[in-house]
Amino acid sequence: MKKDKLHIHWYPGHIAKAERQLKEKLNLVDVIIEVRDSRIPLSSSYSNIEKLLGDKPRLLLLNKADLVDKAELSNWCEYLKTSTNCPVIVTEAKGNNELSAVVKTAVELSEPKIQALMAKGLLRRPARAMVVGMPNVGKSSVINKLTKSSKTKIGAKAGVTRQQQWVRINPKLELLDTPGIIPTRQDDQLQATKLAFVSSVSENAYSPEPVAKVLLEMLSGGKYAEFVKDYYKTEELTLESIATNRNWIIKGENPDTERTAIYILKDFREGRLGKIILDELPV
Ligand SMILES: Nc1nc2c(ncn2[C@@H]2O[C@H](COP(=O)(O)OP(=O)(O)OP(=O)(O)O)[C@@H](O)[C@H]2O)c(=O)[nH]1
Ligand SMILES: [Mg+2]
């Protein structure tokens, strides 16, 4: 990979296995809970989810809502409800608000299947939901929050969950935590780059400079430009200008753009550049 070139291709071995295992478990579950990252409500979705997971009832969670503008997210919520025809719930798996609406909706969506099983003479069983989504969107965190425990492992990088794990939420609902999966091919490099911004692809898959450059370009053009310029105390949102301002200079008086790129990505990920949604709401 050339250092200054933007190219993201990331498909580690465990993901192929994870995708196979998702399909194997499909018959066992009544409902799919699809978790997305609120900073990229479209780019963190699968273009082929029906092909991947069939037409089970689906509940959509827009997680990490604490990192974006609430009013803008509510427009996205309305848009996604209409365009997917699924219930959409905004979540903050890291915050203090509770997520009982997730349990209630998942149980409601499962009820027709459970009623059908009971009509065949089977005893009532808990609803079963599979929690799916791109790496690092917060699937395991949502589950931990619902169980008020650390039953599943979480972490701020892609690929933390390696194995499926059933977790009982209450007598009415069981959830299957799954490893985040990502499409085999990243044909859409802009989508892949946005997934890199939010650590949905591993940092081994790209060089920070071209990725941070794209982020700065997107921020320069948008309504967040003034805030970000203020934050970096520069009129020009380039790696060179920000590096020079911070006095991050390496041998030969050159701005240390690599160090700067790493910091910019970190600032964005930790919410210091503002409450930003990076996808365009379709009109
Ligand atoms: N700010 C914020 N961070 C969150 C939220 N939910 C999860 N996180 C953080 O996001 C990171 C990823 O969370 P995980 O729950 O491990 O994500 P995952 O989807 O299970 O990831 P994989 O197992 O790798 O697919 C962790 O550092 C969490 O603390 C949220 O609502 N807001
Ligand atoms: Mg996980």
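Residues count from 1 along each chain as its sequence is written, while chains are lettered from A and ligands numbered from 1 in the order written. Because the model is predicted, local features need pLDDT of at least 70 and side-chain atom pairs count only at pLDDT 80 or more, whereas totals for chains, interfaces and linings use all residues.

**View 1. The shell around ligand 1.** Of the 24 residues around ligand 1, G138, S140, S141, T161 and G180 come nearest (near: C-beta atom, placed from the backbone, within 6 Å). Helix α5, residues 139-147, gives the most, with three residues (helices are DSSP runs of H or I, at least four residues, numbered from the N terminus).

**View 2. Helices α7 and α10.** The axes of α7 (residues 208-221) and α10 (residues 257-269) come within 8 Å and cross at roughly 55°; axes are lines fitted to C-alpha atoms over the stretch in contact, with angles from 0 to 180 degrees between N-to-C directions. Residues making the contact include L215 and L216 of α7 and I264 and F268 of α10 (contact: C-beta atoms, placed from the backbone, within 7 Å).

Technical notes: Helix = DSSP H or I, 4+ residues; strand = E, 2+ residues; numbered from the N terminus. Contact = placed C-beta atoms within 7 Å.
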